[in-house]
Amino acid sequence: MKVLYKTQATATGGRTGSAATSDGAFKVTLVTPKELGGPGGEGNNPEQLFASGYSACFLGALKFVASQQKLKIADDSTVTADVGIGARDDGGGFGLDVALSISLPGVERSVAEDLVARAHVVCPYSHATRNGLDVRLTVL
């Protein structure tokens, strides 16, 4: 693979700590949710960051595949990622539960479903999770 862009981030303190990119453009305070035994409160957690990244990346993939078909995705199109975490059924650790809800205003449903299927192939987050995570896709 020819790398076109690369970034670097470092986390300190694990789920209750901080993370920042090496260029200083992004910094976040990390707080473990109460549901996972943490203090909760101000800050974010890795699941929120993953949901934000995946939803943005998937929308970018949708725009890419639409442009290949000479279609334009409306500016108010959205991808919402619901990300959950819990103990895996095999008892071997933790797993993620992910569902993407896609809204493409002005796009015929069958066309939207085709674009979503194509974007799921193109999106690097979808590709990275393909063999270890069942991502549910819903066109709204």
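**Entry 1: aromatic rings**

I started in helix H1, where Tyr54 and Phe58 are four residues apart and therefore separated by about one helical turn. Helices (H or I, at least four residues) and strands (E, at least two) are taken as DSSP runs numbered from the N terminus. I note that this is a predicted model: local features need pLDDT of at least 70, side-chain atom pairs count only at pLDDT 80 or more, and totals for chains, interfaces and linings use all residues. Residues are numbered from 1 along each chain as its sequence is written, and side-chain values use heavy atoms, with hydrogens and water left out.

I searched the whole structure for aromatic pairs and got four. Rings of Phe, Tyr and Trp (its six-membered ring) pair if their centres lie within 6.5 Å; planes under 30 degrees apart count as stacked, over 60 as edge-to-face and the rest as tilted. Phe50 belongs to helix H1 and Tyr125 to helix H3 (residues 124-129), so the pair ties together parts 75 residues apart in sequence. Tyr54 and Phe58 form an edge-to-face pair, with 6.4 Å from centre to centre and 65 degrees between the planes. Phe50, Tyr54, Phe58 and Tyr125 are linked into a cluster by ring pairs.

I then looked up accessibility for three of these residues. The classes are buried (under 20% relative accessible area), exposed (over 50%) and partly exposed (in between), with a 1.4 Å probe and protein chains only. Tyr54 and Phe58 are both buried. Tyr125, at 31% relative accessibility, counts as partly exposed.

**Entry 2: H1 against H2**

Next I took helix H1 (residues 46-68) with helix H2 (residues 109-122); their axes come within 8 Å and cross at roughly 115 degrees. Axes are lines fitted to C-alpha atoms, for helices over the stretch in contact, and angles run from 0 to 180 degrees between N-to-C directions. I recorded the crossing of H1 and H2 as right-handed; right-handed applies if the near helix is turned clockwise from the far one by less than a right angle, left-handed if anticlockwise.

I listed the contact residues, contact being heavy atoms within 4.5 Å. On the H1 side they are Tyr54, Phe58, Ala61, Leu62, Phe64, Val65 and Ala66, and on the H2 side Leu115, Val116, Arg118, Ala119, His120 and Val122. By class, this contact of H1 with H2 has eleven nonpolar residues, one polar and one charged. Nonpolar covers Ala, Val, Leu, Ile, Met, Phe, Trp, Tyr, Cys and Pro; charged covers Asp, Glu, Lys and Arg; the others, Gly among them, are polar.

**Entry 3: sheet E4-E5-E6**

I followed an open sheet of three strands in the order E4-E5-E6, with mixed pairing. Strand E4 (78-87) and strand E6 (135-139) are at the edges with a single partner strand each, so one side of each has no neighbour in the sheet. Neighbouring strands of this sheet are turned by 15 degrees against each other on average, direction ignored. Two strands pair if DSSP finds at least two bridges between them.

E4 and strand E5 (residues 94-103) run antiparallel and are joined by ten bridges. I checked two positions: Thr80 is opposite Ser101 in E5, and Val79 has Ile102 in E5 as its bridge partner. The hairpin of E4 and E5 has six residues between the strands, and Gly91 there takes a positive phi near 75 degrees.

I also placed the helices on this sheet. H1 lies across E4, E5 and E6 and runs at about 145 degrees to E4. H2 lies across E5 and E6 and runs at about 155 degrees to E6.

**Entry 4: sheet E1-E2-E3**

I found an open sheet of three strands in the order E1-E2-E3, paired antiparallel. E1 and strand E3 (27-30) are its edge strands, each pairing on one side only. E1 pairs with strand E2 (residues 17-21) over four bridges in the antiparallel sense. Thr12 stands opposite Ser18 in E2.

**Entry 5: two single residues**

I looked up Met1, in the segment before strand E1 (9-12), and found it exposed at 96% relative accessible area. Met1 and Phe64 are 63 residues apart in sequence and 19 Å apart in space, C-alpha to C-alpha.

Lys70 is in the loop between H1 and E4. Its phi is near 60 degrees, a positive value in a residue other than glycine. Most residues other than glycine have a negative phi. Lys70 counts as exposed, at 76% relative accessibility.
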